[in-house]
Amino acid sequence: MKNLRTQHTLHLELYGSEPTIWRRIEVDGSMTLARFHEVLQGALGWTDSHLHLYMDSNPLNRSGAASGDTPVTWHMSGSLDDGLEGENEEHTTLTKALARSGGTLWYEYDLGDSWTHLITEESSRALDPAAPAARVLEGAMRVPLEDSGGLSGWYETLKLSQAASVDPERSYVVDWYKSHHSYFTPVDPEAFDAELANVQVRLHLDGPPAGTVAGTWLSTMPKYAGHVIADALMRVGVDVFAEDAVAHLPEEAPRAMESILWWIRACEGDGLPLTAAGYLSPGALPGVIAGIGWEHEDFVQFGAKTEVHLHGLLNFREMLMDIGLLKAQGKKLMATPTAVRVSQDPVKLWAHLVKRARNSRTDQVTYDVTMLALLATAGTETADRETINARINQGMRLLGYAHNDGEPIADGDFNRLGDRYEAITKAFRMALLKNGNKGRAVEIERDFALAVLRS
């Protein structure tokens, strides 16, 4: 059967931008203008937070359409319901609209700021059945921040943000601009990445992928937040559309897991004694501390003689129980059959830790903050704990969280790190360092975070 569908190569330009903000895309012409709107939002980088419409002629010169007929406007269904005149974008395909307009369309997004785009057909051919529904080929510049007052407002904002001093009456513009710039939402007017744009197009058209850790997380959040987080995941090397990957064993992982292996071996056979309250017997503590390599003044200061006073040690043990490697059996701490099995192979032990971390989902708050902690840790640059905490709080604001009194979560606020993430990274950190729990092992933390997010 002859293929009647057309693949169009289109040039998109934010009309009036200087330097020009543009994209070149390939798209299946059989999609409706309503669906094409999703492609435009992803390709250009808008947030799909405002109304839009299409026109077959220049809105700045509405004396007649390209064909000489009465100008045509295609509206959203809701806009037609509100009484605006025109045709329904859901009832017209892109191919038909381009034919009617002579190969040129105008797309207006946000009818207040009026971001007007010129869409020009460069070529067309029979659709390749193997081609994606839409693909970004190339482009330049990021689109302005939304609600910046159109192009004139955007360029004024950029000028003020770069000025050595600003009139106090206009300082709010700079404050507004800076409020949008964070780890998760970087603002670089000259930035464009076709790979990231294609991820956004796929998310707009198909939604988050099912069956992956990243996709499952994205599906729980508001649309705009999901697009921002997806971009952040891609920037640290996590392909949100990739199939589940086998957990790669980093070079440092075997040494990082030595303390975990010590626990497993110590708890095989007769196990370690527990008190009636379920804590490690005080008599066993010196051997445990020495065995896992935590001989440090922090564990004996203030005369602490019981496990309940050694919070790091207690958290570590409880983490190992939580992920199914240790169990309380009577008054003994025992290794589980799973622990004995995975302890024979570092790859299996690493994979077990990754799997149990990604399956950590109790309440939504802990789930979100755990995933944000993983993402904040997975960045390519070295970051101190304060910076990571600030990133987590930025992410919590993005996801719509606030304090109980309604106040926004500030970067310096105490944050609720997911218990499982904190315990596992703490275990890796302490195992790698000679001085117990002082300092961090940044590389293994990053490797572990990436392994979880990629699985």
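Visitor: Start me off. How many helices and strands are in the chain?
Guide: The predicted model has 18 helices and 11 strands.

Visitor: And what share of the residues counts as buried?
Guide: Of the chain's 455 residues, 50% count as buried.

Visitor: What about contacts between residues 24 or more positions apart? What percentage do they make up?
Guide: They account for 67% of the contacts with a separation of 6 or more.

Visitor: Sheets next. What is the strand order in the sheet of eight?
Guide: The order is S5-S4-S3-S6-S7-S1-S2-S8. The sheet is open, and its pairing is mixed.

Visitor: Which strands are at the edges there?
Guide: Strand S5 (87–88) and strand S8 (134–140). Each of these pairs on one side only.

Visitor: Which helix packs on that sheet?
Guide: Helix H1, residues 33–44. H1 touches S1, S2, S3, S4, S6, S7 and S8. Its direction makes about 145 degrees with that of S2.

Visitor: Go through some pairings. How many bridges join S1 to S7?
Guide: Nine, and the two strands run antiparallel. Histidine 8 stands opposite serine 124 in S7.

Visitor: And S6 with S7? How many bridges, and in which sense?
Guide: Six bridges, antiparallel. Glutamate 108 has threonine 116 in S7 as its bridge partner.

Visitor: What sits between S6 and S7 in the hairpin?
Guide: Five residues lie between the strands. In this hairpin aspartate 110 takes a positive phi, near 65 degrees.

Visitor: What about S3 and S6? How many bridges do they share?
Guide: Four, again with S3 and S6 in the antiparallel sense. Histidine 52 has tyrosine 109 in S6 as its bridge partner.

Visitor: Switching to rings. How many aromatic pairs are there?
Guide: The count comes to 10 aromatic pairs. One of them is tyrosine 54 with tyrosine 107. That pair is tilted, at 5.2 Å centre to centre with 45 degrees between the planes.

Visitor: Where in the chain do those two tyrosines sit?
Guide: Tyrosine 54 is in strand S3 (residues 52–55), and tyrosine 107 is in strand S6 (residues 104–109). They are 53 residues apart, so the pair links distant parts of the chain.

Visitor: Buried or exposed, tyrosine 54 and tyrosine 107?
Guide: Both tyrosine 54 and tyrosine 107 are buried.

Visitor: Which cluster do ring pairs link around Tyr54?
Guide: Phe36, Tyr54 and Tyr107.

Visitor: Which sheet holds S10 and S11, and in what order?
Guide: An open sheet of three strands, ordered S9-S11-S10, with antiparallel pairing.

Visitor: Why is one side of S9 and of S10 left without a neighbour?
Guide: Strand S9 (272–273) and strand S10 (326–329) stand at the edges, and each has a single partner strand.

Visitor: How many bridges link S9 and S11?
Guide: Two, with S11 spanning residues 332–335. Leucine 272 has leucine 333 in S11 as its bridge partner.

Visitor: Last topic, H4 and H5. At what angle do their axes cross?
Guide: Roughly 95 degrees, and the axes come within 9 Å. That makes H4 roughly perpendicular to H5.

Visitor: Which residues meet there?
Guide: Trp154, Thr157, Leu158, Leu160 and Ser161 in H4 meet Val173, Val174, Trp176 and Tyr177 in H5. The contact divides into seven nonpolar residues, two polar and no charged.

Visitor: Take threonine 157. Buried or exposed?
Guide: Threonine 157 is buried, with a relative accessible area of 3%.

Visitor: What does threonine 157 contact, beyond neighbours within four places in sequence?
Guide: Threonine 157 is in contact with Val173, Trp176 and Tyr177.

Definitions and conventions. Residues numbered from 1 in each chain as written. Predicted model: local features only at pLDDT ≥ 70, side-chain atom pairs only at ≥ 80, totals over all residues. Heavy atoms only, no water. Pairing = 2+ DSSP bridges. Axes fitted to C-alpha atoms, helices over the stretch in contact; angles between N-to-C directions. Parallel < 35°, antiparallel > 145°, perpendicular 65-115°, else oblique. Contact = heavy atoms within 4.5 Å. Nonpolar A, V, L, I, M, F, W, Y, C, P; charged D, E, K, R; others polar. Phe/Tyr/Trp six-rings, centres within 6.5 Å; stacked < 30°, edge-to-face > 60°. Buried < 20%, exposed > 50% of the residue type's maximum accessible area, 1.4 Å probe, protein only.
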